[in-house]
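I opened the model to look up strand pairing and the helices beside the strands. My entries follow the structure.

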Amino acid sequence: MAREPLTPGGEKLSPQQRTARLSIIAAAGLAALKLVTGLLTGSLAFIAEAAHSGTDLVAALLTFYALRVASRPADREHPYGHGKAEHLAALGEAAFLVLVSAAIVFESLRRLTGREHHTVDATWWAFAVLAVVLAVDISRATISWRASREHGSPALAANAVHFAADFAGSLAVLVGLVLVRAGYQGADAVAALVVAALVIAAGVALMRENVDVLMDRSPADADAAARAAIEAAEPRAELRRLRVREAAGRSFVDAVVAVAPDAGVQEGHAVADSIEQAVRAALPGSDVTVHIEPRASADLRERATGAALSVREVREVHNVRTVLLDGGIELSLHVKLPADETLAAAHGTADAVERAIIAAAPEVDRVHVHLEPLAAPQAARQPAPGEDDVHREAIAAIVRELSGSDPVDVRVHHEPRGLVAFVTVALPAGHSLAAAHETAGRIEARARATHPDIAEVVVHTEPGAALRSG
């Protein structure tokens with residue numbers, strides 16, 4: 001059974017690292033082969049291609065090192081990981097390519113202007129070397145490109161581009177040698193210029209691409225995909241800011257989203273989760289951070305509820321009502337606080353709630369805060385078989401009278417305050433919520449009025465059985 005290749009430190013090589021290692025071996029072999037051939041034949045184009053392969057060797061070495069660094073997990077000093085190491089390597093490679101190409105251009109111009117005379121020997125074995133080089137160039141370009149697409153690696157993608165440029169340069173060398181063999185000695189220097197131009201073009205493109213990443217330029221495609229995903233997942237949320245950057249093929253997304261000011265913490269968290277999942281689906285492997293803010297609202301109730309919930313001591317807000325009185329607006333609400341809080345502290349919280357509401361809704365003239373303690377869990381017991389059948393039948397009769405159908409379910413239990421009934425009632429699906437609530441209220445009131453030993457009736461309304469989804 002074949003063993004996995006290891007690093008000098010004894011660690012397993014990743015698929016990207018194995019691809020980079022093959023690139024190192026191929027680049028070293030090609031550089032040596034081209035250099036020896038160029039020196040023996042006097043071909044500047046071959047020497048230029050050897051230099052080109054030498055830069056590829058440096059690139060492959062940088063890529064191999066960068067991939068080892070980039071594969072390290074995030075740590076305290078690098079909370080976003082080490083992915084930019086690949087882009088630093090690619091940028092250094094591009095700068096090296098440009099410098100070597102400048103030297104090749106200088107030497108080519110010297111030969112073309114007659115300041116340096118060299119005779120190129122276009123021997124048969126030079127063409128054989130070129131055939132081998134072309135085959136290796138096309139194969140490693142293909143391998144690196146496939147690996148870069150599979151693993152999302154910019155360093156391997158850079159290698160693929162360079163290997164493709166090598167193939168084009170080798171074709172230029174081939175044409176130059178053919179022309180030299182035909183008697184045009186200057187064709188070799190022209191071929192060297194073509195190779196240098198290809199290298200410079202590739203180097204400039206790489207520098208621009210990797211500088212964009214290192215400068216955190218927002219990629220247009222990823223930005224558009226993230227925006228579309230957020231709008232589709234949470235159309236009612238307001239996207240206030242979106243920042244997207246990339247490193248090592250991974251997107252980092254920061255979004256600021258505004259929700260209704262009266263949304264609870266759990267609701268805001270659910271919105272954030274929904275957005276994170278949608279963005280990760282659109283940009284696989286992305287790191288997504290969502291910040292939730294309250295949005296501005298014209299609705300008085302939303303602003304008042306949101307303002308009350310902004311007071312840290314407040315645990316729950318309900319029964320928010322507004323009343324028009326002599327041209328002014330008075331607002332009342334119920335606020336729940338911890339049961340063990342002192343009255344003095346609770347009064348201070350009520351004052352803070354009033355100030356917060358007036359600040360958020362200056363059109364309100366007066367605020368009335370009703371303070372309630374948060375209910376603690378209470379012990380209850382289930383009735384024995386047949387114990388409360390009378391109450392169940394009485395409640396069922398009330399439901400039939402007021403709703404026109406049997407209750408879906410009636411359950412009771414006993415608490416220290418008395419018997420508590422939970423009733424599920426089916427109503428026509430076309431009923432408005434207000435009408436359903438009114439029916440539930442009449443059932444509750446009738447049950448308490450006719451059976452004083454029933455402490456509370458909780459009525460749940462739902463669409464008729466034929467219309468329910470299950």
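I am working with a predicted model, in which local features need pLDDT of at least 70, side-chain atom pairs count only at pLDDT 80 or more, and totals for chains, interfaces and linings use all residues. Numbering starts from 1 along each chain as its sequence is written, and side-chain values use heavy atoms, with hydrogens and water left out.

Entry 1. I looked up β2 (residues 250-259) and β3 (residues 287-294) and found them paired in the parallel sense over 8 bridges. Strands here are DSSP runs of E with at least two residues, helices are runs of H or I with at least four, and both are numbered from the N terminus; a pair needs at least two DSSP bridges. I noted Val 253 opposite Val 288 in β3. From β2 the chain passes through helix α8 (residues 265-282) to β3, a right-handed β-α-β crossover (clockwise from the first strand over the helix to the second, with the strands pointing away from the viewer).

Entry 2. I then traced an open sheet of 3 strands, ordered β7-β8-β9, with mixed pairing. Its edge strands, β7 (409-415) and β9 (454-463), each pair on one side only. β7 and β8 (residues 418-427) run antiparallel, joined by 7 bridges. Arg 411 has Phe 422 in β8 as its bridge partner.

Entry 3. I checked the helices on this sheet. Helix α11 (residues 389-403) lies across β7, β8 and β9, at about 35° to β8, where contact means heavy atoms within 4.5 Å. Helix α12 (residues 433-450) lies across β8 and β9 and runs at about 155° to β9.

Terms used. Axes fitted to C-alpha atoms, helices over the stretch in contact; angles between N-to-C directions.
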